Amino acid sequence: MQPLILKNKNKIALIVGILIAVGFISEWTIHNESIFAWSLIIGSVLGIIPIVIQAYQALRVKVVSIDILVTLAVVGAFIIKNYEEAAIVIFLFLFGAFLEQRTLNKTRSAIKELTEMAPESALKKMGDDEFVEVDVDEVDIGDILLVKTGAKVPVDGTIITGQGSINEASITGESLPVAKEKGLTVYAGTILENGTLQIVADRVGEDTTFGKIIELVEEAQDSKSEAERFIDRFSKYYTPAVLILALVLGLFTQNVELAITILVLGCPGALVIGVPVSNVAGIGNGARNGVLLKGSEVISDFSRLDTIVFDKTGTLTVGNPSVAEKEFYADNIDEALGYLASVERESDHPLAKAVLEKIGETTFSPVENTEVIKGGGIVAHVNGHRVAVGNAALMEKENVKLNEKARADIARFESSGNSLVITSVNGELKIVMGIRDQIRTGVKEDLRKLKKLKVKNLVMLSGDNQGTVDAVSRELGLTEAHGNMLPEDKSAYIKKLIDEGQIVAFVGDGVNDSPSLALANIGIAMGTGTDVAIETSDVVLMNSDFSRLPHALGLAKATARNMRQNIIIALGVVLVLLAGLLFSEWVNMSIGMLVHEASILVVILNGMRLLRYKLR
Amino acid sequence: MKKATIQLGTLTCPSCLQKIDNAVKALDGVDKESVNVLFNSSKVKLNFDDEILSIEKIENAITTMGYEVKKSQVRDV
């Protein structure tokens, strides 16, 4: 019986509303006092039933809830025969709860959309070429699964046959389909847009990347900051305190009207709900845009950021050195390029890879008498020619003459942060190549946006030499850049900044800089979707997409601002009502309830704005 | 010991959390430290001793409070 009544609370609210309308219409049109009184009495008695049940249930588990305040207020109104106010308060209370539920669902919609992307079933191989549809929970590691066009990939796995293009938006936030074929990894929750695949399950359920993301977001939306925990503790004692205050005042002044008005005004609403609502909407917006914010504490720290420290390689730069500049000093250069490629083909130096990539197709010749000169390069014989490949020091040692133009080129390449690969054949200069790690596209614009968001310092730390670091720093307009840093130097530097009282974020790929990620006030990981960094950091930029960083910061600031607004709205409403009660006549029980419910809706609607937040 | 995750119907008032929290903690066999009622995701997470208590009893305690239980998941700790 009780659950049945509670389930139909919304219908009861509707009936109460109709009864109130009938009462007032008959009062105004046919001036029938008894219809007026009776419809309000019936409405009140009907409407109070679910509230009394809730109050009783709460008392049974020793909670003084808002339902108790409302029940007592209505009883008080009956005592002084004010059926009108009793019915209106009940209606507003029930109807308010209904509206709250509807609007709260909206603020939670972004995260719900994410969790609903979770796969539910899989086609599992049972016998020879026989696939049976099973619940996704029944899939174990090592099972072979069939994924058809349009279906969700049920688990993280490896393709064993077939190929197709996959929409990985649920993992990376990037909706351009990715082509996948045998041997490549597919992720749970992504959608096979065309093709057919057979995969072997590597990770299932909550261990999949998607499962981890969902769990993380779900925990984040309910994680509480210190301020929220304070509000929670406060509201635990607040409601009983209001109850006692009303009783004492009522007994003292013998003014029932005053006592019941205080009961209604004292309902805590907007204050307790305001912050969680901003939190869930902000985190939801992030989840939709490839930014995982781990909870309201993170949002609050992130929004007050002073300094962002960047790792260079793989964060600001692509992390893959390539030939950025080249100059030739002979007319027929193909032969020299062929020799250079032949020599570099036998080396495992990282620069050699970049050189080979640049040269591409060429004629390779056998290489003899290879000699590695430490700190210089390589000298070898190719087709009977003496070929030297290395830096300026090696050229000097080989007595290679550098003309004025070559010297100018070398100086220019070095000053823009390149490592040099110089090639000579039989003591004659042929090729100079400048190799550097390229800056990621769009990073410059993103950093400008961060500055606009009032980040005071943009610092880059790198293990590379200071020349390279300075060149990148100049190009990007950073505030500070330090080279020659080991991972422990980086974390020591961050500690120094924090000790100076700055709030510091560190952005890295989490490969060798996890100490820095952990030490910084906000660790921001460039996640590729599979990284452990997802677990250790505070903010994750999905798909290693640097361009999401300004959105993440803007969103954190907007969310923190939204929380403050909601707290101010809630406190302001209580103060205005109290002042109205003490110093004027306009506040009564119904108006109190109306303002109270309205303020709850206002904070929810205010929170909802975050779902549409976009960085301008 | 088992770990339960119970999905509830949408929670709208923060005082609901307190009610559910107290109701679940009052059951014999529940690890009180582990009880976590999540407002936005409308979930209850807790550990309980399956020799003393069953998941049905926990669900029942929540439904008699007037909250809908949508789905429960029980796993070994």
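The following legends accompany close-up views of a predicted model.

**Figure 1. Overall form of chain A.** The secondary structure of chain A consists of 24 helices and 20 strands. Its radius of gyration is 35 Å, well over the 25 Å that the globule rule gives for 616 residues, so chain A is more spread out than a compact globule. A box of roughly 120 × 65 × 45 Å, taken along the principal axes, holds the C-alpha atoms of chain A. Of the 616 residues in chain A, 46% are buried. When contacts in chain A between residues at least 6 apart in sequence are considered, 65% join residues at least 24 apart.

**Figure 2. Domains of chain A.** Chain A is divided into three parts: domain 1 (119-151 + 156-203), domain 2 (277-317 + 441-555) and domain 3 (319-438).

**Figure 3. Surroundings of A:Ser170.** This residue belongs to helix 7 (residues 169-172) of chain A. Is A:Ser170 buried or exposed? A residue is buried if 20 or more other C-beta atoms lie within 10 Å of its own; A:Ser170 has 25 C-beta neighbours inside 10 Å and therefore counts as buried. Leaving aside neighbours within four places in sequence, the contacts of A:Ser170 are A:Met117, A:Gly189, A:Thr190 and A:Phe210. A:Val469 lies 299 residues from A:Ser170 along the chain, and the C-alpha atoms of these two residues are separated by 36 Å.

**Figure 4. The loop that holds A:Gly183.** A:Gly183 is found between strand 5 (178-180) and strand 6 (185-186) of chain A, in the loop that links them. A residue is exposed if 12 or fewer other C-beta atoms lie within 10 Å of its own; A:Gly183 has 8 and is therefore exposed. Not counting residues up to four places away in sequence, A:Gly183 touches A:Thr158 and A:Ile159. A:Ile159 is 24 residues from A:Gly183 in sequence, yet the distance between them in space is 5.2 Å, C-alpha to C-alpha.

**Figure 5. Strand 19 of chain A and its partners.** Strand 19 (residues 522-526) has five of its five residues buried, so it is largely enclosed by the rest of the structure. Both of its faces are covered: A:Ile522, A:Ile524 and A:Met526 are buried on one side, and A:Gly523 and A:Ala525 are buried on the other. Which strands pair with strand 19 of chain A? Strand 18 (residues 504-508) pairs with strand 19 in the parallel sense over four bridges, and A:Gly508 stands opposite A:Ala525. Strand 20 (residues 539-541) also pairs with strand 19 in the parallel sense, here over three bridges. In this second pairing, A:Ile524 stands opposite A:Val539.

**Figure 6. Where chain B touches chain A.** In this view, 16 residues of chain B are in contact with 26 residues of chain A. Which element of chain B contributes the largest share of the side that touches chain A? That element is helix 1 (residues 14-25) of chain B, which supplies six residues. By residue class, the side of chain B that touches chain A has six nonpolar residues, nine polar residues and one charged residue.

Definitions and conventions. Residues are numbered from 1 along each chain as its sequence is written. Chains are lettered from A and ligands numbered from 1 in the order in which they are written. This is a predicted model: local features need pLDDT of at least 70, side-chain atom pairs count only at pLDDT 80 or more; totals for chains, interfaces and linings use all residues. Helices (H or I, at least four residues) and strands (E, at least two) are DSSP runs, numbered from the N terminus. The radius of gyration is taken over C-alpha atoms; the globule rule is 2.2 Å times the number of residues to the power 0.38. Two residues are in contact if their C-beta atoms, placed from the backbone, lie within 7 Å. Ala, Val, Leu, Ile, Met, Phe, Trp, Tyr, Cys and Pro count as nonpolar, Asp, Glu, Lys and Arg as charged, and the others, Gly among them, as polar. Domain bounds come from an automatic or database domain assignment. Two strands pair if DSSP finds at least two bridges between them.
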